[in-house]
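Biologist: I have just opened this one and would like a careful walk through it. Could you take me around?

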Number of protein chains: 2
Amino acid sequence: MNTSAPARETPVLKVGLLGAGTVGSQVARVLLTQSDELAQRTGVRLALTGIAVRDVTARRDVELPPELLTTDADAVIDRADVVVELTGGIEPTRTRVLRALKAGKSVITGNKALLAESGRELQDAAAGSGAQLSYEAAVAGAIPIVRPMRDSLAGDSVNRFLGIMNGTTNFILDQMDSTGAAFDDALAEAQELGYAEADPTADVEGHDAAAKTAVLASLAFHSSYTIADVHCEGITGVTADDVAAAREAGYVIKLLSVGERCGDGVNLRVNPVMIPRDHVLGGVRGAYNAVFVEAENAGSLMFYGQGAGGDPTASAVLGDLVSAARAIALGATGIPLEPYAALPAVSMDDVTTRLAVTLAANDRLGVLARLAKVFADNGVSISTMQQSEDPRESDTSLLRLVTHSGRHESLMATVEALRELPVVQDVVSVTPVEAGE
Amino acid sequence: MNTSAPARETPVLKVGLLGAGTVGSQVARVLLTQSDELAQRTGVRLALTGIAVRDVTARRDVELPPELLTTDADAVIDRADVVVELTGGIEPTRTRVLRALKAGKSVITGNKALLAESGRELQDAAAGSGAQLSYEAAVAGAIPIVRPMRDSLAGDSVNRFLGIMNGTTNFILDQMDSTGAAFDDALAEAQELGYAEADPTADVEGHDAAAKTAVLASLAFHSSYTIADVHCEGITGVTADDVAAAREAGYVIKLLSVGERCGDGVNLRVNPVMIPRDHVLGGVRGAYNAVFVEAENAGSLMFYGQGAGGDPTASAVLGDLVSAARAIALGATGIPLEPYAALPAVSMDDVTTRLAVTLAANDRLGVLARLAKVFADNGVSISTMQQSEDPRESDTSLLRLVTHSGRHESLMATVEALRELPVVQDVVSVTPVEAGE
């Protein structure tokens, strides 16, 4: 098998843009103002041939040539060689993206919700026509994680990833950690600074992170997952007390996206967990994102950067666009990603994890012995224990226990059995511990 | 421009391996034992058709089929579609790699010394025939940094990178930081644990990091640099006192590889510097590597992982191999990387940096005023100053100063002027401060 000499003429590729919001208008700006430099850098000239918007007269951050603006998305697609989709939402976006892919037009998208719901269908459409589907911007914003996962680790095997993939919640938890603020106050500050939306549900309930988890896990494990496969808990229940207790014990609470091999399948989860402060993920502050990957041969890797924002996300979109353009210009078709492994998503029950449990218990002799018996009966062993007075009740102590590793089901059964004990007044909090031991 | 449907039959690609050391034998093992899984995963069957070694009877970590072993490297190249070069050294490797590339055979190499000396020549040979030259393993071992730099940031512009790209020196400095050990003791421990070679010169003098810096900078700045363009200082002069003083001030000493835009050019340097402990690079412990990148749109990114070792490096080689194989199977030729920007390498003089300076000075009134005048005369301002008794001399104080940012030339001129002051007994240490302010 041999290769032929590359073409010497600069090929021109027509780019159709769907959406001109924060990211879309940045992408348009770069394509319009840096065309020569991009051509020089990439060997392909990218010509923006149309921008589909909902309202051509709307005010935008970047002034766009009126002759490119249209409300007719289909016309933009028809005219283009490559389609950049930055409208978001499921429909009519899904139909449009499918139409483009089936026509052999490569698509770059940052739409994690669409990918987490219909990723397989889109991949199949791309494979059928030889088009490429690229979505670096959909997972962890500007951080190059999709391409390394797909290409750099193509000869390796991923055992687990741990990701901080939502900047809003990381900002809130970091504020709580560094200032002692309550969740509501930290959220209000995030909203004031533009890190959180007026309706923060998708972020604080973990839905955004869960969509990204499904997309990344599909790549990492050569399988096909949707958001429904991801166990998802948000951070609204995390209290200032939880954060302070974690800090005291050398941990920090993060909303973690986990995808890990578990028996013959894969468990996918998003939930607030404690991680050691000195773990590299513990140093991911503010609205930054990071993905920690454990691979069979490569060992531990981490990818860190800005998870959101117009410019960073535009950078990821442009990287995809240039790669797609070069591949097309050089005659390559898309790499069909077969979910050949088809590892099933398994429930939380079988996951091996550790739990940090805070109990309010009667402050009298013999309590510890009773608690210890419950742990022993459930086959769960205690790693550390700390006892202090409950500031709220004089005859009560607060017990903070961290277990050794165990099956999640056994750990949760232990917590339920503890709750039933007459000496236990309240199970104040239950937080998994990750990235340690 | 349109694309055609991908081929459905699994293409076979003949792989010739040069070298069967720690990394080479791991690569061979994976190719021989995981052929089916790799074919399924990548859509290409990789057939190992020959392994060139110096001595076919030598003992190896991995048992290799004798019929594949030969001392005739040229025969291995002739028989192959893709060549994996893991022999190291400049000649005869350079001649062999050039011959393969000119014959249109893609080459995967982990040879940073060769790339740092003859990278441009190899790139030109590849561009001429349409072959691909891949070298993820040559920079920061298993960390995917070459591909993100080349592809993911293709639509962005890199302003600066700061890398910890030599595991041996990071291990030594980390030991000195965490245990207070002297350089010699930390080196001895690194040697005992297999992190440092019997002759540690290439690592501790910064030559290995400088080669990687030249390779990464060529990619990052679309230019062509050799190791001669890199200002290089090793860590043999770093003392336990330096490390302890840095620690006390909230810094950690790292051997940093820096590539940054500077005026109309780029400055490339490798030297021991102080970085803030709470910077993400400050948390890179042991033999780990990391590269921190500042890009125009993407903002700050960091890539972290194992910089050396057989399995991690083999992972990077296999990633390159699979990518090259897929591209060839899909009909793509290599992407010619033109060093179109051709940013000149500029000297240290013009670099903007900060310095931490430790002086031994007479312990009497008026000394500070004289020092301050020297700084003012050179247009350099002082950021922090700490005075303590010199444990070695009763009538001497140790002054630790950190400057604000200034031109390196002015900062060094200031240090020389300080050295000339009669009240200054000794300039104990001079360490640049990076990644702060």
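Modeller: What follows is a short tour by way of salt bridges, the core, a strand residue and a surface patch.

Modeller: This is a predicted model, in which local features need pLDDT of at least 70, side-chain atom pairs count only at pLDDT 80 or more, and totals for chains, interfaces and linings use all residues. Residues are numbered from 1 along each chain as its sequence is written, chains are lettered from A and ligands numbered from 1 in the order in which they are written, and side-chain values use heavy atoms, with hydrogens and water left out.

Biologist: Which side chains does R94(A) meet in salt bridges?

Modeller: R94(A) meets E91(A) at 2.6 Å, N to O, and it also meets E121(A) at 3.0 Å, N to O. Helices here are DSSP runs of H or I with at least four residues, and strands are runs of E with at least two, numbered from the N terminus.

Biologist: And R285(A), what does it form a salt bridge with?

Modeller: Its partner is D174(A), and the closest N and O atoms are 2.8 Å apart. R285(A) lies in the loop between strand 10 (265–276) and strand 11 (288–295) of chain A, while D174(A) is in helix 7 (residues 167–179) of chain A, so the pair ties together parts that are 111 residues apart in sequence.

Biologist: Is D174(A) buried or exposed?

Modeller: D174(A) is buried, with a relative accessible area of 9%, whereas R285(A) counts as partly exposed at 44% relative accessibility. Buried means under 20% relative accessible area, exposed over 50%, and partly exposed in between (1.4 Å probe, protein chains only).

Biologist: Switching to the core: which residues touch the most other members?

Modeller: In the largest nonpolar core, which has 154 residues, they are V293(A) and V293(B). Such a core is a set of buried Ala, Val, Leu, Ile, Met, Phe, Trp, Tyr and Cys residues joined through side-chain atoms within 4.5 Å. Leaving aside neighbours within four places in sequence, V293(B) is in contact (heavy atoms within 4.5 Å) with residues including I145(B), M149(B), F161(B) and F303(B).

Biologist: Where is G406(B) found?

Modeller: G406(B) is in strand 16 (residues 406–407) of chain B, and it is buried at 17% relative accessible area. Leaving aside neighbours within four places in sequence, G406(B) is in contact with V351(B), T352(B), T353(B) and L411(B).

Biologist: Last one, which residues make the nonpolar surface patch of about 220 Å²?

Modeller: That patch is made by L368(A), I382(A) and M385(A). Nonpolar patches join side chains of Val, Leu, Ile, Met, Phe, Trp and Tyr within 5 Å, like charges being joined within 9 Å, and take residues with over 30% relative accessible area and no salt bridge; accessible areas come from the Shrake-Rupley method with a 1.4 Å probe, and for residues only the protein chains shown count as cover. L368(A) itself is in helix 13 (residues 367–377) of chain A, and it counts as partly exposed at 37% relative accessibility.

Key:
Salt bridge = Lys/Arg side-chain N within 4 Å of Asp/Glu carboxyl O.
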